[in-house]
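Biologist: Please put the structure on the screen. I would like to go through how its parts pack against one another.

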Amino acid sequence: MARPKLLLFDIDGTMLRTTGVGRRTIEQVLSDLCERPINTNPVLFSGKTDPQILRDVMQENGVPKEDVEAILPTAMAAYVEAALPFLIPENIIRFAGVPELLDLLAPRPGLHLGVLTGNLEPTAYGKLEAAAIDHFFPFGSFGSDSANRNDLLPIALERARAHTQQSFEMQDVILIGDTEHDVRCARAHGATIACVCTGHFDRPTLAALEPDVLLDDLRDAALFMRDVLGEA
Ligand SMILES: [Mg+2]
């Protein structure tokens, strides 16, 4: 029997995007906690974990390092509380082809789906639920597990093992993401990386990172089966 495969999907920029909920909420939460206006503009969010984003935004706004670390746990909790009410279908743009592809992949024997995302777990599932695709992802690893995205792959593997009662070889793990951080995370562990151009980065930028597979988006299920799963 063929070894089981594990597909780990990134969320933002890969399967959906929100209409600015993250930036608005982080500015509001950090301005409250730091007691002065906080601006997120200097910080690129794409591919970073939420704790890393919160840390970078505070640092860019001149918050002293020791204060950043002291505020961070409270900021994460406050962010979840403030963001969840806005993670509703009206604020989520789910990318074309995503539910159809997941519908095709989910019932396949020997194939398991999870998420690997920088979102904290509650906001990750808030977004997936608002996009009506949460039921495809019974497990995953999250920004709440580590601020360092590279740490999230071994954690996802352990969760996959616990959930499926099967073990996975790194060569049978495929990440689907939209940024250099997804590429680096896969490369750090010897997993396969498939990039999509639906986030903030265009095809030439992503091609320069030399992902194993580069797709415009997730609309063409036949192409996904061929190039990502290696099916004839
Ligand atoms: Mg992403």
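Biologist: How many residues of domain 1 are in contact with domain 2, and how many residues of domain 2 take part?

Modeller: This is a predicted model, in which local features need pLDDT of at least 70, side-chain atom pairs count only at pLDDT 80 or more, and totals for chains, interfaces and linings use all residues. Residues are numbered from 1 along each chain as its sequence is written. Two residues are in contact if their C-beta atoms, placed from the backbone, lie within 7 Å. On that basis domain 1 contributes 17 residues and domain 2 contributes 14.

Biologist: Which helices each supply at least two residues of the side of domain 1 that touches domain 2?

Modeller: Domain 1 covers 5-18 + 93-227 and domain 2 covers 21-86, with bounds from an automatic or database domain assignment. Helices are DSSP runs of H or I of at least four residues, strands are runs of E of at least two, and both are numbered from the N terminus. On the side of domain 1 that touches domain 2, at least two residues each come from α5 (121-130) and α7 (180-189).

Biologist: How do the residues of that side of domain 1 divide by class?

Modeller: Ala, Val, Leu, Ile, Met, Phe, Trp, Tyr, Cys and Pro count as nonpolar, Asp, Glu, Lys and Arg as charged, and the others, Gly among them, as polar. With these classes, the side of domain 1 that touches domain 2 has three nonpolar, three charged and eleven polar residues.

Biologist: At what angle do the axes of α2 and α3 cross?

Modeller: Axes are lines fitted to C-alpha atoms, for helices over the stretch in contact, and angles run from 0 to 180 degrees between N-to-C directions. The axes of α2 (residues 50-60) and α3 (residues 65-83) come within 10 Å, and their crossing angle is roughly 125°.

Biologist: Is the orientation of α2 to α3 parallel or oblique?

Modeller: Angles under 35 degrees count as roughly parallel, over 145 as roughly antiparallel, 65 to 115 as roughly perpendicular and the rest as oblique. The axes of α2 and α3 cross at roughly 125°. Therefore α2 is, relative to α3, oblique.

Biologist: By class, what residues does the contact of α1 with α2 have?

Modeller: The axes of α1 (residues 21-34) and α2 come within 11 Å and cross at roughly 55°. From α1 the contact draws Ile26, Leu30 and Cys34, and from α2 Ile53, Leu54, Val57 and Met58. By class this contact has no polar residues, no charged residues, and seven nonpolar.

Biologist: Is the crossing of α1 and α3 left-handed or right-handed?

Modeller: α1 and α3 pack with axes 9 Å apart at an angle of about 135°. A crossing is left-handed if the near helix is turned anticlockwise from the far one by less than a right angle, and right-handed if clockwise. The α1 and α3 crossing is right-handed.

Biologist: Which residue in β4 stands opposite phenylalanine 9?

Modeller: β1 (residues 5-9) and β4 (residues 111-116) pair in the parallel sense over five bridges. Opposite phenylalanine 9, β4 places valine 115.

Technical notes. Two strands pair if DSSP finds at least two bridges between them.
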